[in-house]
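Trainee: Could we go through this chain together, beginning with the overall layout and then moving to single residues?

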Amino acid sequence: MRRNDRASGISPGRYDVGSGIGDPEGRSAEEIRSIIHSLSRDRHRIDIEVSPNAGRSEVTGINPWRHRLKVSVKSVPRRGRANSEIMFLFSGLLSLPVGNIRLVRGATSSLKTIEITGCTLSYIEERLREALG
């Protein structure tokens, strides 16, 4: 424990800031809905936070402070490899063609926004709830 932490009374482990995976009740609809922005009935945007160079590609949780879906990808962030892997990951997760998913913001940032066309909000919520456990 650092000196400043002792002075303020903050001890390690006092705050649980884990990824939220494995919640016994699962994710609430409000929490999942907070990261999805509906543009029309079949067009939606999701804000994501990407961690490249991971052991495997998966949706890992929700960052409640940034209102972003946390995603890990195996690829390195060079020449668009991680961005392509994100498109394929969401394509598989939502059972949609890769062409229905596009990156609209954050091509060179870890904070990205993807746009999904061809499915309803309730379908996306259901699939994300399954992916998050």
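**Layout and selected residues**

Mentor: Read from the N terminus, the elements of the protein chain follow the order α-α-β-β-β-β-α-β-β-α. Helices (H or I, at least four residues) and strands (E, at least two) are DSSP runs, numbered from the N terminus. This is a predicted model, in which local features need pLDDT of at least 70 and side-chain atom pairs count only at pLDDT 80 or more, while totals for chains, interfaces and linings use all residues. Residues are numbered from 1 along each chain as its sequence is written, and side-chain values use heavy atoms, with hydrogens and water left out.

Trainee: What percentage of the residues of the protein chain count as buried?

Mentor: Buried means under 20% relative accessible area, exposed over 50%, and partly exposed in between (1.4 Å probe, protein chains only). The protein chain has 133 residues, and the buried share is 34%.

Trainee: How many residues lie between β1 and β2 in their hairpin?

Mentor: Strand β1 covers residues 36-40 and strand β2 residues 43-51; they pair in the antiparallel sense over 4 bridges. Pairing requires that DSSP finds at least two bridges between two strands. I36 has I46 in β2 as its bridge partner. The number of residues between β1 and β2 in the hairpin is 2.

Trainee: Which side chain of opposite charge is nearest to R68, and how far away is it?

Mentor: R68 lies in strand β4, residues 68-72. Lys and Arg count as positive and Asp and Glu as negative, with His and the chain ends not counted. A salt bridge needs a side-chain nitrogen of Lys or Arg within 4 Å of a carboxyl oxygen of Asp or Glu. R68 is buried and has no salt bridge; the nearest side chain of opposite charge is D47, at 4.1 Å.

Trainee: Which backbone oxygen lies 3.0 Å from a polar atom of the side chain of R68?

Mentor: The side chain of R68 reaches the backbone oxygen of I48 at 3.2 Å. Contacts of R68, meaning heavy atoms within 4.5 Å, include I35, E49 and T113, not counting residues up to four places away in sequence. The backbone oxygen at 3.0 Å is that of K112.

Trainee: Why does M87 count as buried?

Mentor: M87 sits in helix α3, residues 81-94. Not counting residues up to four places away in sequence, M87 touches V98, I101, R102, L103 and I114. M87 counts as buried because its relative accessibility is 10%.

Notes
A polar contact is a pair of N or O atoms within 3.5 Å; within protein, one must be able to donate a hydrogen and the other to accept it, and residues adjacent in sequence count only if both atoms are side-chain atoms.
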